[in-house]
Protein chains: 2
Amino acid sequence: MSTPRYTDLVQSLPATVPFVGPETQERARGAGFAARLGANESVFGPSPKAIAAITDAAAEAWMYGDPEVFELRHALAAHHGVAAENFVVGEGIDGLLGYLVRLLIAPGDAVVTSDGAYPTFNYHVSGFGGALHKVPYAGDREDPDALNAKAREVDAKLIYFANPDNPMGSWHDATTVQAMIDALPEGCVLALDEAYADTAPPGAIPALDMGHPRVIRFRTFSKAYGLAGLRVGYGLAAPEFITSFNKIRNHFGLGRVAQAGALAALADQDYLRSTVARIAEARDRLATIARDNGLTPLPSATNFVTIDCGRDGTFARAVLSGLVAQGIFVRMPFTPPQDRCIRVSAGTEADLDAFAAALPRALTDAVTAS
Amino acid sequence: MSTPRYTDLVQSLPATVPFVGPETQERARGAGFAARLGANESVFGPSPKAIAAITDAAAEAWMYGDPEVFELRHALAAHHGVAAENFVVGEGIDGLLGYLVRLLIAPGDAVVTSDGAYPTFNYHVSGFGGALHKVPYAGDREDPDALNAKAREVDAKLIYFANPDNPMGSWHDATTVQAMIDALPEGCVLALDEAYADTAPPGAIPALDMGHPRVIRFRTFSKAYGLAGLRVGYGLAAPEFITSFNKIRNHFGLGRVAQAGALAALADQDYLRSTVARIAEARDRLATIARDNGLTPLPSATNFVTIDCGRDGTFARAVLSGLVAQGIFVRMPFTPPQDRCIRVSAGTEADLDAFAAALPRALTDAVTAS
């Protein structure tokens, strides 16, 4: 019998799955991880008020979520001092990036990102047939001028730029980001991924000016808010831009439980502040552990620290393997020269004790193997 | 400044939002609904074990869900007696239908459905530029032969067929459905939406034969399992077909909390059986209420009863408005002649008391207005 007639585009996509979760690694190892420090989750957990809200919502889980996400959008509007019409809330930034690419990119359309930046964005661009153009990092930071210049050169419809950056933890100050926005080529949309805005230092995040018709900024409850397991992210943009998402989004895609949890988390800014303080402490300790082992911690505006292992990608991959073999889940950048680093999320004291205990052997074994 | 350069396809899509949730109606009314009987949710709620699992998972909500959905897929495999490789789990059937359409439909590709069937499917087809061909219902049921014949005529890549059907509550027996599968045109995929399989009578659901390369069946935790607010649905198909979803799906789209809730709900089949029994009782009472008011309840294999109001769509819309004005959330079919009916979900005794109390005035007012 004949098989399904997939679109030409789908037939051109790779069959391999680009996303390997820690659970898959645990099943392959036959053992759980002692420390889960690879996905930039918040080990400090969500606000107790968010936990209570999820618990309360569980009994109401028989009801679909409000497709307008009215309460959460209005709470976000009050929190950020902009209008509810400036928000689209969706199934994590991942889901929203998929919608954004679908809105803009037909097969062959040009898109610009940094070589080594967020792979899920690239996955969506490929998935809609976009032509991806990459510019290198400059000094372990994304390069705003190069991104704009490349976009102008290839007539890109979309640029992806994360500030602070993942996987390097680096950032630009608000003035630089605003200058990039001001110099954005005509007809080009800037997807400004601010997933790590909550952990950024003062002065790194430009004011929320919703007047630009082609800038969309993304925030999430998956990082500092500690709710990765609910899948709630949001985009901020001009109302006309936001409205376009309604043409294609899964209107009932955000469940009632997720909306309730995010709403309660947003309301508990004290808890967010306490988490951010704990993340800062953990970053300091990660830096100390790195230095104690002769490695170089990079400055971080995120909930992780990227650690320069001092050699090439082969060496860093060996260090990473040595950590994973000892039950420490960490990840690393994919692209040279950034792949000389490993990336370690902020952890509890116990997590970081485990990392500190495992790192020397991972390094020794990596040196021996090289 | 220039606006975003949307794709030609997106520019062609309507800006109006096709989905109005009950919360939107409540905000417009300035009052909540006394009975929520319009979205075919399960007012009987999820299993207490699912509620407990969601509560337990809340504290772990800082972790992303397993992108392979390993545990749930394996539990589903054991439950249904097929392999884990036959399952794709996603953000509700709505989300999975979107992926399915994206896999198969490029602009201009032919798709067949019934006139008056699931609007969200049509939304996805339009959203990917498909050419939608509709066949009428036959005797308030979908017409399998007509669907296959139309698909053959227009060389469709995809047919949508729901058994049992929403919005009519009708169904075909397994032999008829299997005959439709056996006669499926070459190169055409059948999306067999079995969202209401759990409430269907014995003999309505064909055996799960995963050997056909172009049949995908959809099930959900949103109906009888009472977990619409978690957004978990799944597709069952041949492994090669299932694998294709991995090329485009949001791999981290299904959160940890949702996976935990669905897993616990699946494990509590006793609770599912008790819910199905309560749904059956509610259907009987809805039929009685309809008859007491001189209306005709249609036979139902679902968790709702479609009630023939005995006149045309204008009249039924007036009845519906009269119910909504009295705080009873119900919906109705969109398309003549099925729009002579209103559709009322199974409710608690209190819900049905409220419906019974409101219906006479809604009918009287509708008669007066006509």
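**Exercise 1. A glycine at the chain boundary**

In which helix of chain B is the place of Gly98(B)? State whether Gly98(B) is buried or exposed, and list its contacts beyond four places in sequence.

*Solution.* 
Step 1. Know the model. It is predicted: local features need pLDDT of at least 70, side-chain atom pairs count only at pLDDT 80 or more, and totals for chains, interfaces and linings use all residues. Residues are numbered from 1 along each chain as its sequence is written, while chains are lettered from A and ligands numbered from 1 in the order in which they are written.

Step 2. Gly98(B) is in helix H5 of chain B. Helices (H or I, at least four residues) and strands (E, at least two) are DSSP runs, numbered from the N terminus.

Step 3. Count neighbours. A residue is buried if 20 or more other C-beta atoms lie within 10 Å of its own, exposed if 12 or fewer, and partly exposed in between; C-beta atoms are placed from the backbone. Gly98(B) has 26 other C-beta atoms within 10 Å, so it is buried.

Step 4. Find the contacts. Two residues are in contact if their C-beta atoms, placed from the backbone, lie within 7 Å. Leaving aside neighbours within four places in sequence, Gly98(B) touches Asn250(A) and His124(B).

**Exercise 2. The side of chain B that touches chain A**

How many residues of chain B are in contact with chain A?

*Solution.* 
Step 1. Count both sides. 76 residues of chain B contact 77 residues of chain A.

Step 2. List the elements. H5(B) gives the largest share, six residues.

**Exercise 3. One face of a helix**

Which residues of helix H4 (residues 70-80) of chain B are buried? Find what they pack against.

*Solution.* 
Step 1. Name them. The buried residues of H4(B) are Leu72(B), Arg73(B) and Leu76(B).

Step 2. Look down the axis. The buried residues of H4(B) fall within an arc of 100°, so they line one face of the helix. The arc is that of the directions from the helix axis to the C-beta atoms. An α-helix has 3.6 residues a turn, so residues three or four places apart point the same way.

Step 3. Find the partners. The buried residues of H4(B) pack against strand S2 (87-90), strand S8 (233-236) and H10 of chain B.

Step 4. Check the end. Just after H4(B), Gly81(B) takes a positive phi of about 70°.

**Exercise 4. An enclosed strand**

How many of the five residues of strand S12 (residues 341-345) of chain B are buried? Sort them by direction and find the pairing strand.

*Solution.* 
Step 1. Count. Five of the five residues of S12(B) are buried, so the strand is largely enclosed by the rest of the structure.

Step 2. Sort. Cys341(B), Arg343(B) and Ser345(B) point one way from S12(B), and Ile342(B) and Val344(B) the other way.

Step 3. Pair. Two strands pair if DSSP finds at least two bridges between them. Strand S10 (residues 304-308) of chain B pairs with S12(B) in the antiparallel sense over five bridges. Thr306(B) has Arg343(B) of S12(B) as its bridge partner.

**Exercise 5. Strands of chain A**

Which strands of chain A pair with S10(A)?

*Solution.* 
Step 1. Check burial. Four of the five residues of S10(A) (residues 304-308) are buried, so the strand is largely enclosed by the rest of the structure.

Step 2. Take S9(A). Strand S9 (residues 296-297) of chain A pairs with S10(A) in the antiparallel sense over two bridges. Thr296(A) has Asp308(A) of S10(A) as its bridge partner. A hairpin joins S9(A) to S10(A) through six residues.

Step 3. Take S12(A). S10(A) and strand S12 (residues 341-345) of chain A pair in the antiparallel sense over five bridges. Phe304(A) has Ser345(A) of S12(A) as its bridge partner.
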